[in-house]
Amino acid sequence: ERRVVVVGAGMAGVQTAVALREQGFTGPVTLIGAEPHQPYDRPPLSKAVLLGTAEGSAFDVDFEALGITLRLGCEALGVRPAEHVLDTSEGPVPYDVLVLATGAEPVRLPGAEGVPGVHLLRTLDDAERLRPVLARQHDVVVVGAGWIGAEFATAAREAGCAVTVVEAADRPLADALPAEVAAPMTAWYADAGAELRTRARVERVESGGPGESGRVVLDDGTRLAAGAVVVGIGARPATGWLAGSGIVLGAHGEVLADDLLRTSAPDVHAVGDCASFPSARYGERLLVHHWDNALQGPRTVAADIVGTPGGETPAAYDPVPYFWSEQFGRFVQYAGHHTAADTTLWRGDPASPAWTVCWLREGRLVALLAVGRPRDLAQGRRLIQAGTPMDPDLLADPAKPLKAA
Ligand code: FAD
């Protein structure tokens with residue numbers, strides 16, 4: 001029987017192991033993870049886990065019952081595809097099929113590395129280090145007004161901290177959303193009592209003396225007192241360890257997978273935050289750093305590994321990307337991919353608590369952002385999936401359900 005080895009015990013790795021069993025794979029499955037903790041889910045880290053309203057976020061999976069061998073605290077160091085061997089901190093591990101699911105790692109703030117009181121927010125350990133910062137209501141400076149920055153600022157305000165968010169761009173979520181769509185979100189910071197400083201760059205971080213706050217120095221000379229600094233300036237695929245393996249990586253260091261999530265090396269797949277894939281739906285390669293992609297992708301990987309009795313190729317992986325974020329008391333959801341859209345339509349007033357933006361291309365819905373309108377999201381997601389032609393007038397009326405012309 002073929003031995004499947006999955007590297008990375010996050011959402012994508014765990015789901016791959018589980019999907020293999022669900023799809024009837026009976027051979028040995030080993031799940032290798034660098035972190036010592038029982039595999040856990042990341043979204044709660046910037047929400048309930050941070051606020052201490054949830055202890056942890058371990059996946060509710062009985063690995064033993066599923067016959068999945070867990071090797072935690074074991075770091076993959078390299079792959080030798082020709083020999084079908086994975087090299088790890090615990091020695092070589094032979095495989096017949098290898099799945100790369102090492103996720104992403106946060107981008108560090110240059111010059112702030114190793115400065116006491118500077119935090120990242122990616123792992124359970126990070127969240128546990130940040131809990132006392134919230135509990136003691138330190139003044140915090142958040143670097144980056146992206147998804148993580150916004151969610152951390154939300155939790156910190158909820159805990160009663162004074163919060164300043166420093167953002168290099170002129171608005172929040174500058175990499176993710178067009179200016180007109182992100183613009184209304186600027187007000188959310190002030191509403192929550194957080195100060196948002198846009199077009200501001202951190203020049204350096206000075207650590208405080210004993211019992212004293214540190215300081216964040218901005219490029220205009222402003223000095224901000226900070227009991228803690230939280231850096232949320234993006235994430236990069238965690239693939240440095242693949243150097244020299246011959247596995248082809250893209251411009252962002254992501255594994256270049258095909259539409260079955262196979263890599264350039266034989267019998268090696270890649271899934272989740274560490275890999276990009278070609279989307280026929282959107283006509284471009286997508287590198288998705290969201291939870292739903294780490295849930296859906298593994299089903300394709302497992303189907304390709306398990307195979308069909310007739311030997312047919314499984315369906316290509318071409319999802320409608322989806323994610324959500326909980327920030328400043330709002331539930332923000334996004335489905336699709338808007339870069340090739342030709343029309344933007346608003347449903348509702350962006351100054352109100354609930355509104356939706358629809359992106360169309362040649363009369364068909366390609367993406368949608370819903371703030372406090374989960375029904376729009378659910379209906380829109382299906383319409384994007386189906387590629388149904390839409391009536392723009394109907395679409396722009398927030399009182400009418402989102403449906404086809
Ligand atoms: P990861 O979760 O990064 O897991 C990869 C695992 O591989 C890690 O445990 C890592 O330790 C391990 N690993 C790395 N290198 C090695 C190695 N060399 N050897 C062995 N193991 C290794 N998405 C949403 O859609 N909505 C949200 O609200 C949301 N909130 C989030 C909040 C936070 C704080 C974070 C960090 C992410 C959030 N996300 C959210 C994104 C989502 O969690 C990720 O897209 C998802 O975790 C990706 O899963 P993954 O398994 O590909 O990668």
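The exercises below, each with a worked solution, concern a predicted model.

Residues are numbered from 1 along each chain as its sequence is written. Local features need pLDDT of at least 70 in this predicted model, side-chain atom pairs count only at pLDDT 80 or more, and totals for chains, interfaces and linings use all residues.

**Exercise 1. Describe how the chain is divided and where domain 1 touches domain 2.**

Step 1. Domain 1 covers 4-105 + 235-306, domain 2 covers 108-231 and domain 3 covers 329-395. These bounds come from an automatic or database domain assignment.

Step 2. Taken over C-alpha atoms, the centres of domain 1 and domain 2 are 30 Å apart.

Step 3. Two residues are in contact if their C-beta atoms, placed from the backbone, lie within 7 Å. On this basis, 12 residues of domain 1 are in contact with 15 residues of domain 2.

Step 4. Helix α2 (residues 48-51) gives three residues, the largest share of the side of domain 1 that touches domain 2. Helices (H or I, at least four residues) and strands (E, at least two) are DSSP runs, numbered from the N terminus.

**Exercise 2. Check the length of α1, then determine how far it is enclosed.**

Step 1. The expected span of a helix is 1.5 Å times one less than its number of residues. For the 12 residues of α1 this should give 16 Å, and the end C-alpha atoms are 16 Å apart, which agrees.

Step 2. A residue is buried if 20 or more other C-beta atoms lie within 10 Å of its own, exposed if 12 or fewer, and partly exposed in between, with C-beta atoms placed from the backbone. In α1, 10 of the 12 residues are buried, so the helix is largely enclosed by the rest of the structure.

Step 3. Among the buried residues of α1 are Met11, Gly13, Gln15 and Leu20. Their cover includes β1, β2, β3 (68-72), β7 and α6.

**Exercise 3. Describe the largest nonpolar core and the contacts of Val5.**

Step 1. A nonpolar core is a set of buried Ala, Val, Leu, Ile, Met, Phe, Trp, Tyr and Cys residues joined through C-beta atoms within 7 Å.

Step 2. The largest nonpolar core has 49 residues; Val5, Val6, Val7, Leu98, Val99, Leu100 and Ala275 touch the most other members.

Step 3. Elements that each supply at least two residues of this core include β1, β2 (29-33), β4 (76-80) and α6. The largest share, seven residues, comes from α1.

Step 4. Apart from neighbours within four places in sequence, Val5 is in contact with Thr30, Ile32, Leu86, Val93, Tyr95 and Leu98.

Step 5. A second, separate core of 47 residues includes Tyr40, Ala156, Ala194 and Val205.
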